[in-house]
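This report describes selected local features of one protein chain.

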Amino acid sequence: MPPVRVLQLDGKSYEFVHVVLDFVNDQHENVFARKNNKTLRETLGHRRYLGLAPVCHANYSQHLDSPLGEVLHQLKTSGDPFYRQFLNAYGDLAYSTFSIADPAALAARGVYTYYAGSDLKYIGRCKDAMKKRINQGYGKIHPKNCFRDGQATNCHLNALITAATAAVTLWLCRMDNGVEIEALEADLISRYAPPWNIQHR
């Protein structure tokens with residue numbers, strides 16, 4: 001039997017089964033710099049970046065037709081903080097790569113928790129499949145995730161896991177009803193106030 005953690009809520013016990021994670025022993029920095037499928041000029045045409053166009057045309061016109069990630073990395077290495085205007089609040093942190101190792105857990109749904117050592121750090125919900133939520137979401141940060149129109153939550157949680165000083169483990173309370181999954185997640189967050197959830201607000 002896999003290890004189990006129990007959370008109490010309103011006199012009921014909810015069992016969370018350990019889901020083994022595979023961590024790649026490396027860290028990735030400057031992930032945003034690999035987003036080179038569009039030029040700076042093309043990016044400025046997107047509604048999320050229109051407000052940056054005047055500054056870019058005035059001060060960075062020589063870079064307008066260069067790949068976006070390359071331009072932003074050049075700005076960063078030269079000490080120009082303007083590159084951050086293109087990124088979400090967590091888009092320039094150190095990330096790691098991890099995935100669910102147990103094939104039986106990939107299609108599971110429910111409420112999940114992250115612990116660092118013995119400390120409960122985060123409570124989340126998964127209404128589709130854990131493979132999508134972890135392996136294709138939190139566990140692998142793609143360059144596009146780092147930008148204003150990317151997945152800031154993925155960047156934030158991955159960075160927290162990467163920076164944790166104690167071993168991070170994943171636990172799952174399997175459920176199938178989407179409404180019940182949402183309700184339990186909300187109630188558990190309210191009851192336990194995990195620090196990583198609070199930082200996401």
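Arg-41 is partly exposed, with a relative accessible area of 40%; buried means under 20% relative accessible area, exposed over 50%, and partly exposed in between (1.4 Å probe, protein chains only). Accessible areas come from the Shrake-Rupley method with a 1.4 Å probe, and for residues only the protein chains shown count as cover. This is a predicted model, in which local features need pLDDT of at least 70 and side-chain atom pairs count only at pLDDT 80 or more, while totals for chains, interfaces and linings use all residues. Residues are numbered from 1 along each chain as its sequence is written, and side-chain values use heavy atoms, with hydrogens and water left out.

The side chain of Arg-41 meets that of Asp-65 in a salt bridge, at 2.8 Å from N to O. This pair links distant parts of the chain, with Arg-41 in helix α1 and Asp-65 in the loop between α2 (53–59) and α3 (68–77), 24 residues apart. A salt bridge is a side-chain nitrogen of Lys or Arg within 4 Å of a carboxyl oxygen of Asp or Glu. Helices (H or I, at least four residues) and strands (E, at least two) are DSSP runs, numbered from the N terminus. Asp-65 is exposed, at a relative accessible area of 55%.

Asp-65 is also among the residues touched by Thr-39. Thr-39 sits in the loop between β3 and α1 (40–44) and counts as buried, at 18% relative accessibility. Its contacts (heavy atoms within 4.5 Å) are Leu-64, Asp-65, Ser-66, Pro-67 and Leu-68, not counting residues up to four places away in sequence.

Side chains of opposite charge can pair when their charged atoms come close. The structure holds five salt bridges. In one of them, the side chains of Glu-185 and Arg-125 meet at 2.7 Å, N to O. Glu-185 belongs to helix α6 (residues 178–192) and Arg-125 to strand β6, so the pair ties together parts that are 60 residues apart in sequence. Glu-185 counts as buried at 11% relative accessibility, whereas Arg-125 counts as partly exposed at 32%.

Glu-182 forms a salt bridge with Lys-127, and the closest N and O atoms are 2.4 Å apart. Because Glu-182 lies in helix α6 and Lys-127 in the loop between β6 and α4 (130–138), this pair ties together parts 55 residues apart in sequence. Glu-182 is partly exposed, with a relative accessible area of 33%, and Lys-127 is partly exposed at 36%. Elsewhere, a network of salt bridges links Lys-76, Arg-84 and Asp-92.

## The β5–β6 hairpin

Strands β5 and β6 (residues 119–126) run antiparallel and are joined by seven bridges; two strands pair if DSSP finds at least two bridges between them. The hairpin has two residues between the strands, and Gly-117 takes a positive phi near 65° in it.

Which residue of β6 is the bridge partner of Thr-113? The partner is Ile-123. Thr-113 lies in strand β5 (residues 110–116) and is buried, with a relative accessible area of 0%. Not counting residues up to four places away in sequence, Thr-113 touches Leu-7, Phe-16, Leu-120, Tyr-122, Ile-123, Thr-169, Leu-170 and Trp-171.

Val-17 lies in strand β2 (residues 12–19) and is partly exposed, with a relative accessible area of 31%. Together with Val-4 and Val-6, Val-17 makes a nonpolar surface patch of about 190 Å². Patches are made of residues with over 30% relative accessible area and no salt bridge: like charges are joined within 9 Å, nonpolar side chains (Val, Leu, Ile, Met, Phe, Trp, Tyr) within 5 Å.

Asp-22, in strand β3 (residues 21–28), is partly exposed at a relative accessible area of 44%. The residues touched by Asp-22, not counting those up to four places away in sequence, are Thr-97, Phe-98, Ser-99 and Ala-101. Asp-22 and Ala-101 are 79 residues apart along the chain, and their C-alpha atoms are separated by 5.7 Å.

## Cysteines

How many disulfides does a search of the whole structure find? It finds zero, a disulfide being a pair of cysteine sulfur atoms within 2.5 Å. Cys-56 is in no disulfide, and the nearest cysteine sulfur, that of Cys-146, is 18 Å away. Cys-56 is buried, with a relative accessible area of 1%.

The sulfur of Cys-146 has its closest cysteine sulfur in Cys-155, at 4.3 Å, which is too far for a bond. Cys-146 counts as buried, at 0% relative accessibility.
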